[in-house]
Amino acid sequence: MTVDTPVRRSPGTKPPGLLHRVSGWAMRHAGLALMLWVVVLAAVTATSTVVGANYKNDNSLPGTDSQRVTDIFQAHQPKGDTASVQIVVRADSGLDADKSRVASMLAAVRTLPHVASVADPFTAPGSMSTDRRTAYSTVSLDVAATDMPVEDVRTIIHRAQDFARPGFQVEVGGDLARNAADSAGGASEGAGILAALVILVFLFGSLLAATLPLLTAVFAVGSTVGLLMLASHFFTVPEYTTPVMMLVGLGVGIDYALLIFSRYRHELLKGAADPKTVALDTAGRSVLFAGCTVVIALLGLLALGLGSLQGVALGVTLTVLMTMLAAVTLLPALLTLFGKRIERSVRKHAAKQRRTPGDGWRKLAGLVQRGPWVPLLLGIVALVALSLPALNMRLGFADAGTDDPAKTSRKAYDLLADGFGPGFNGPLVVVTEGDQTAAQVLGQTLSADPDIAAVTPPQLTPDGKIATVLAFPKSAPQDAATSDLVQRLRDDTLPRLESQTRATYLVGGATAAADDFASAVSKRLPIFVLVVVGLSALLLMAVFRSVLIPLKAAVLNLLSIGASLGVITLVFQQGWFGAQAGPIEAFVPVMIFAIVFGLSMDYEVFLVSRIHEEWRRTQDARAAVREGLATTGSVITAAAAIMIVVFGAFLLSPDRMLKQFGLGLATAVLLDALLIRCVIVPAVLRLMGNRAWWLPRWLDRALPKIALEKD
C-alpha cells in the first residue's frame, strides 16, 4: 500500500477554500481519516444497537375532520387506546358444527402474553355472517400497538392457526398481524449493491477501483442508519424512514463518489500533476452543490406541515449530508492510500480500449445538433404521454387488501369481505357531539343511505358525551366509490342533519383520513413546488450565470417527475404487469417529487457544469455541448444505471410503498439520464446557442458568485 503525497501550494497562490482544506487534510492524513470513519461507524452502530430505535408514525392532520375524530377519542377515552387483532374463521360446512373447535382455539389464545380479552363470535353482535360460515373474534391486547412485541403477535397467529384443518380455515388480520408477517428485509439492498458493483467493475475494469465508490456509500449509509436510530429518541421519525433513507443513500452515495472518481480517472489519463486535487476542485464542488439542491428539495417538504413527512425529510437529508461528507473526505483518503495500485489498473484498462473515450457521445451530440427539433419534440411528446396517467392518480393508504395473497392478513381481509361485504374492512367512523336523540337520528339517516350496507347502534364513550356510529359502505375501502361517499356525507347529508339537530357530526376512519391527507397535500402543494423550484433555480442561476439554464432545468425536471408518477399510476393503480391494483400511497407523490427533483438537479449540475467549463474556455457553444457530453456521458449513464438497479431492487420488497418508491425513482432516473440529459438538453442548448449563458447585468451584480470550476 503506497501513500501519495499531495502537491504543495506554491507561494502567492490564492488560499484554498473549505472544501480544499477538508479534502486536503484527508489526503495528507489518509490513514487517520479512514480510521476516524471506521471509529464513527463502529461507535454509532454500537450505541444505536444498545439504545435501540424509537420510531413513531405521526399521521396527524391538524384541522381535518379525521384528526378531530382522533382528538375526540383521545380526550374522551381516559384509559388510552389499546391494540387488537382479529381472528377470522371459516367453516365450509358451517361454524355451528365446529363450535367446540372455535371455543378451544379462543381458550388457547386467551392464555397468551398481552391478551386482555377474546370475544366469542357466537355471542358478540355482528360477529357472524348471515350464512354462518364466516365469523371473527376480536382479540383485545393490554398494550398499545407500539408497545406490542412482534414475536408475541406471531405467537397469537401461530397458536390460532394450529387449530386449522381441511374445511376449517383460520386467519389473523389487523395492522399488527400485517406488520408481524412482513419480511425482515435486506434482500433489496443486497441485490442493489451487488448489481452496482458489477456495473462499476465493467466501467473501470478493476475490482479495486469499483469498490471505492461502493465502500464510500456503505460507510455513509451505515453511519446514518445509526444516527437515525439515535435521532428517533428526540424527533418524530416514522418507521419506514430507514428503508427510504437506504434507498436514496445508496444511490446518491455511489453516484457522488463515482463522479469524483471518474474526474480523477480522467485527469490521471490526461497526465495532470495532482489528479486528486483537480477532481475535488471540480467534481467535488459539483457534488457539494448537487447535494445542496437535494437537501433544499427535501427540506421543502417542511412547507407541507405534515408531521410524518417532516421526519422522513429530516432523515433523508441527514443521509445526503453524510454522503457528501464521505465523498470529500473518505474517498480522497482511499484514493491516497491505494493511489499507485489504482493508477496502474486505470492505465492498464485505458490501454486496452480501442477507441478514444467519449467518441460515441461526441457523435451523439453532433447528430442531435444537426437536427435538434426532431429529438426535442419527440422527447417532449414521450414525457408528456407518460405524464398523462398521473392526472387520474388516486391517493390512499394501503391496507391488507393490497398485501401479498399468501399473507394471513390478506386472507383474513378476503374472508371478511366475502362473508360480511366489501366495505366491512373499512368502516366509516361517524362521531356525534350532541344529545342521544341526535345520535339516533344519525343512525337512521345512515341506514337509509343507498351506498351504506349496515350501521351499528350508537355507542357512547365512558363519559357519555360522545356517540359513535360505524357505517359500513357497500364498496371496498380503496374503491373510489367509498371516497365519493365520504365526500357526499360531509358536504350534503351531515350538514342537513346538523341544521335539524343542532349537533356536530364528524366522519373519520382510514378512508376519510386518506381523503383528508390528499386534500391537505393538494392545498399546500403549490407552496411546496414554489419553494423547491424557486430556490433550486436561484442556485443554478448563481452558479451558471444564466436565466435560461435554470428555466430549462425546472421544466424538464417537472416533466421527468410527471412521467415517473404516470408510470406508478399505470402499474400500481391500474394494475399493469400483474401488480395489485389500488390507490397510490398518499405521501409517495410528494416524496418522489422532492427526491426526484433533487436527483434531477444532480445530473443537471454534472452535465451543465462541464459544458459551462468548456464554454468559458472556448466561447464555442456547440463545441462546449459536444465536449461536455463526451466527458460526462459515460459517467451519467453509469451513475444512472447504478441508481436504477439500486432503486429497482426495491421492487423485490414485500412493502407496497417501497415498491412504488423504487419504481418511481428508477423510472425518473432512467428518463432523466438517457432521454433528458443525453438528448433533450443538447438539443435545447443547440437552439439556445450563446444565449444560454445570458444574464442581465443588474441580476449578475445582485446574485452571489458560486464557482464549480477552478479558475
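This is a predicted model: local features need pLDDT of at least 70, side-chain atom pairs count only at pLDDT 80 or more; totals for chains, interfaces and linings use all residues.
View 1. Is Leu-314 buried, partly exposed or exposed? Its relative accessibility is 41%, so Leu-314 counts as partly exposed. The cut-offs explain this: buried means under 20%, exposed means over 50%, and partly exposed lies in between.

**View 2. Four strands form an open sheet.** The strand order is E2-E3-E1-E4, and the pairing is antiparallel. Which strands stand at the edges? They are E2 (115-118) and E4. Each has a single partner strand, so one side of each is left without a neighbour in the sheet. From one strand to the next, the twist averages 25°.

**View 3. Strands E1 and E3 pair in the antiparallel sense.** Strand E1 covers residues 84-91, and strand E3 covers residues 134-141. How many bridges join this pair? There are 7 bridges. Look for Arg-90: it stands opposite Thr-134 in E3.

**View 4. Val-170 is a buried residue in strand E4.** Strand E4 runs over residues 168-173. Why is Val-170 called buried? Its relative accessible area is 2%, and buried means under 20%. What does Val-170 touch, leaving aside neighbours within four places in sequence? Its contacts are Ile-87, Val-88, Val-89, Met-105, Ala-160, Gln-161 and Ala-164. Take Val-89: 81 residues separate it from Val-170 in sequence. In space, the two are 4.6 Å apart, C-alpha to C-alpha.

**View 5. Thr-224 is a buried residue in helix H8.** Helix H8 spans residues 207-231. The relative accessibility of Thr-224 is 0%, so Thr-224 counts as buried. Which residues are in contact with Thr-224, leaving aside its neighbours within four places in sequence? They are Met-245, Gly-315, Leu-318, Thr-319 and Met-322.

Terms used. Residues are numbered from 1 along each chain as its sequence is written. Side-chain values use heavy atoms; hydrogens and water are left out. Buried means under 20% relative accessible area, exposed over 50%, partly exposed in between (1.4 Å probe, protein chains only). Helices (H or I, at least four residues) and strands (E, at least two) are DSSP runs, numbered from the N terminus. Contact means heavy atoms within 4.5 Å. Two strands pair if DSSP finds at least two bridges between them. Axes are lines fitted to C-alpha atoms, for helices over the stretch in contact, and angles run from 0 to 180 degrees between N-to-C directions.
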